Amino acid sequence: MPKTAHVVNAMLHPWEEPPISEGVGAGAIFFAGCNLKCVFCQNYEISQPKPRRGTPLSVPQLVELFWRLERQGACCIDLVSPTLYLMTLRDALREAKKQHFPLPFVWNTNAYENPAGLELLEGLVDVYLPDFKYVDNYLAEKYSDAPNYYGIATAAILEMQRQVGRFTGSGVTAHGLLIRHLVLPGCRNDSMKVLDWIHRNIPGSTISIMRQYVPMYRAGEFPEINRRITSCESDSVCKHWLDLGERCGYVQEQGCADCGYTPDFTRAFKDYCPVHWKDGDDSLDIQIPKDPPGISYTVPGAPRMDTTPYTTAAQTPAAPAAEPAVPYTWGTEGNPYGWSTPSPAAPLPAEAGYDGTYGVAF
Ligand code: SF4
């Protein structure tokens, strides 16, 4: 049985971070399913249903989809929630590279990945875009059903960093590690710990602080996150990044926390997929929004990032001589909540592995 990946949607996406949305946008391919179960998932219509929605595409069909998006003007191929299809996508990226595909591939992930699986992508993925969600494993289990998220995500991010290094370039030259973080209501202390870990382990990183949280899906079952974040919460997280001496990054403007900006998968919900496969048919239904809502990304105290290069040589700190000899660990001393102390050295689950079709299985 040929390897496939379930594609729910493919579109030009102008609202990713500026260096991966140049021109008409990223060529975003949304895959069905997810290895997390976030109670606030904005994409729950496609991430949670079983059986999976979407259209199963083979490796040659995926490569053809890459080329179609490239012909539509995409500046990169943005693989959204790709983890479950790692083996299929590895083959597709390998084939595309053989065909001298000119755009960078972006691995847009929740960071809950097996480093051994990521090693299979070395030389194939150009930009890693992990959303580093939590340091506190209590939050990870409560809101995302993700045991030992911290240990797994940090190991994965370090592997991503090993492969591609710090973020450079823009558009078709984009390359490296760009770390996202979604700020959750009432969790700004954990957000700051996420930034602390990045600063201590990969100083000089480019980050993206996302303020787009909107209570959706099952968020109503958790009163403490059943609201939008306040500007005080998001501003204090941004300020913390700057207080650490870091200068590279983006933050979404406050207005992006609006249901109108969350992806509309209504058609996918009805099992409609805009990817049509007929011989000689080049009529892929690329959705280009007619009225961009004007979302842009800014860093407090810095020029607007949507009109200036994402970083400059002056802003880029020199690479450290060596990684810290001792991995940074969180102590309960600095944890006002008294939650469990995660260990970055925690081993991956013994059963972690790949089943050849569905990717990673933690
Ligand atoms: S990782 Fe992202 S896509 Fe997956 S369940 Fe969480 S919010 Fe949804």
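# Exercises on a predicted model

By class, four nonpolar, five polar and one charged residues make up the shell around the ligand. Here Ala, Val, Leu, Ile, Met, Phe, Trp, Tyr, Cys and Pro count as nonpolar, Asp, Glu, Lys and Arg as charged, and the others, Gly among them, as polar.

The model is predicted: local features need pLDDT of at least 70, side-chain atom pairs count only at pLDDT 80 or more, and totals for chains, interfaces and linings use all residues. Residues are numbered from 1 along each chain as its sequence is written.

**Exercise 1.** List the residues that surround the ligand.

*Solution.* A residue is near a molecule if its C-beta atom, placed from the backbone, lies within 6 Å of it. The ligand is surrounded by Cys34, Leu36, Lys37, Cys38, Cys41, Asn43, Ser47, Ser81, Asn110 and Ser144.

**Exercise 2.** Determine how the buried residues of helix H8 are arranged about its axis.

*Solution.* Helices (H or I, at least four residues) and strands (E, at least two) are DSSP runs, numbered from the N terminus.

Step 1. H8 covers residues 231–243 and reaches 18 Å from its first C-alpha to its last, close to the 18 Å expected at 1.5 Å a residue. The expected span is 1.5 Å times one less than the number of residues.

Step 2. A residue is buried if 20 or more other C-beta atoms lie within 10 Å of its own, exposed if 12 or fewer, and partly exposed in between, with C-beta atoms placed from the backbone. In H8, Ser234, Val237, Cys238, His240 and Trp241 are buried.

Step 3. These buried residues fall within an arc of 150 degrees seen down the axis of H8, so they line one face of the helix. The arc is taken over the directions from the helix axis to the C-beta atoms.

Step 4. Ser231, Cys232 and Asp243 are exposed on the other side of H8.

Step 5. The cover over the buried residues of H8 includes helix H7 (188–201), strand E8 (206–210) and strand E9 (249–252). Contact means C-beta atoms, placed from the backbone, within 7 Å.

**Exercise 3.** Describe strand E3 and its pairing with strand E1.

Step 1. E1 (residues 4–13) pairs with E3 in the antiparallel sense over four bridges; pairing requires at least two DSSP bridges. The partner of His6 in E3 is Pro56.

Step 2. Ala5 lies in E1. Ala5 counts as buried because it has 31 C-beta neighbours inside 10 Å.

How values were computed
Contact = placed C-beta atoms within 7 Å.
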